[in-house]
Amino acid sequence: MVPLSYYLVLSGILFACGVTGFLIKRNIITIFMSIELMLNGVNLSFVAFAAHWQQLSGQVFVFFVMVVAAAEAAVGLAIIIAVFRTRETLNIDQVNLLKL
Amino acid sequence: MFHLVLFSVFGAICVAGAVNLLVQRHPINSALSLVVVMGSLAVEFLLLGAEFVAAIQVIVYAGAVMVLFVFVIMLLNAGAEERTRGSHVAYLLGIPGVVAGTIIVCWALLTRSHAGSASIGALPGHPKEIAQLLFHQFLLPFEVTSILVLIAIMGAVVLAARTDSAQTRKED
């Protein structure tokens with residue numbers, strides 16, 4: 001038996017790692033991976049609460065989060081490719097215009 | 001006891017992978033440590049009895065999404081990250097804020113919660129029950145996500161397609 005709060009603490013630590021990566025990383029792909037890390041942390045807390053409250057809808061929500069994350073990854077990586085084509089860099093400090 | 005040992009081992013692997021993602025300079029190393037994080041999270045899902053979620057975590061996240069990431073990293077030939085001085089506000093306020101927030105949340109969860117505990121396989125997360133929920137109660141959100149995925153596919157094709165204007169500008 002593992003207390004529910006241990007799962008939530010692990011989920012919080014993963015989310016904090018994602019936020020820290022978002023703040024300190026300068027490579028646009030690594031920043032994108034930090035966002036995926038945050039989504040994974042939230043998924044863990046969804047599944048932990050689903051097990052705690054004996055409600056399967058938490059797991060269905062994880063399914064929806066994964067679908068949205070996959071769609072987001074496809075669009076985001078296409079945007080990264082478009083940005084790299086015009087600017088030839090992946091450093092976000094050199095990407096300061098929305099215009100392509 | 002066995003459950004707690006499994007939880008601790010894979011939780012430690014998970015946090016180690018997440019920290020390694022932050023420490024590594026090269027994006028490909030970060031991507032591979034993210035695969036480690038996702039694989040050990042799938043084990044945590046299995047411990048909670050969410051078999052279906054664990055399977056799609058491995059197939060969709062560690063499989064499809066990370067292949068996409070590695071593909072883009074190799075396509076763009078991304079080298080090691082340059083250390084430019086970014087925003088000082090992010091370093092001076094953001095990181096202490098994140099650390100303080102995490103400590104407060106962990107402290108509150110560990111000392112103030114009377115939430116109970118979860119045992120191995122606490123909830124039957126078989127695909128059958130999930131499908132019954134997904135195709136009856138959550139049918140409308142399911143259809144909406146299918147439209148979302150369709151729009152995302154079209155958007156990705158439009159964004160990644162090489163346009164003529166971008167090509168001529170590069171030649172100038």
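Mentor: Chain B has seven helices and one strand. This is a predicted model: local features need pLDDT of at least 70, side-chain atom pairs count only at pLDDT 80 or more, and totals for chains, interfaces and linings use all residues. Residues are numbered from 1 along each chain as its sequence is written, with chains lettered from A and ligands numbered from 1 in the order in which they are written.

Trainee: What makes a run a helix or a strand?

Mentor: DSSP runs decide: H or I over at least four residues is a helix, E over at least two is a strand, numbered from the N terminus. Chain B therefore reads α-α-α-α-β-α-α-α. Chain A runs β-α-α-α.

Trainee: What is the radius of gyration of chain A set against?

Mentor: A globule rule: 2.2 Å times the number of residues to the power 0.38, with the radius taken over C-alpha atoms. For 100 residues, a compact globule would have near 13 Å, but chain A has 17 Å.

Trainee: What makes a residue buried?

Mentor: It needs 20 or more other C-beta atoms within 10 Å of its own, with C-beta atoms placed from the backbone. Buried residues make up 53% of chain A and 24% of chain B.

Trainee: What makes a set of residues a nonpolar core?

Mentor: Its members are buried Ala, Val, Leu, Ile, Met, Phe, Trp, Tyr and Cys, joined through C-beta atoms within 7 Å. The largest has 63 residues, and Ile29(A) and Val47(A) have the most contacts inside it. Elements giving two or more residues to this core include α2 (28–53) of chain A and α2 (27–47) of chain B.

Definitions and conventions: A residue is buried if 20 or more other C-beta atoms lie within 10 Å of its own, exposed if 12 or fewer, and partly exposed in between; C-beta atoms are placed from the backbone.
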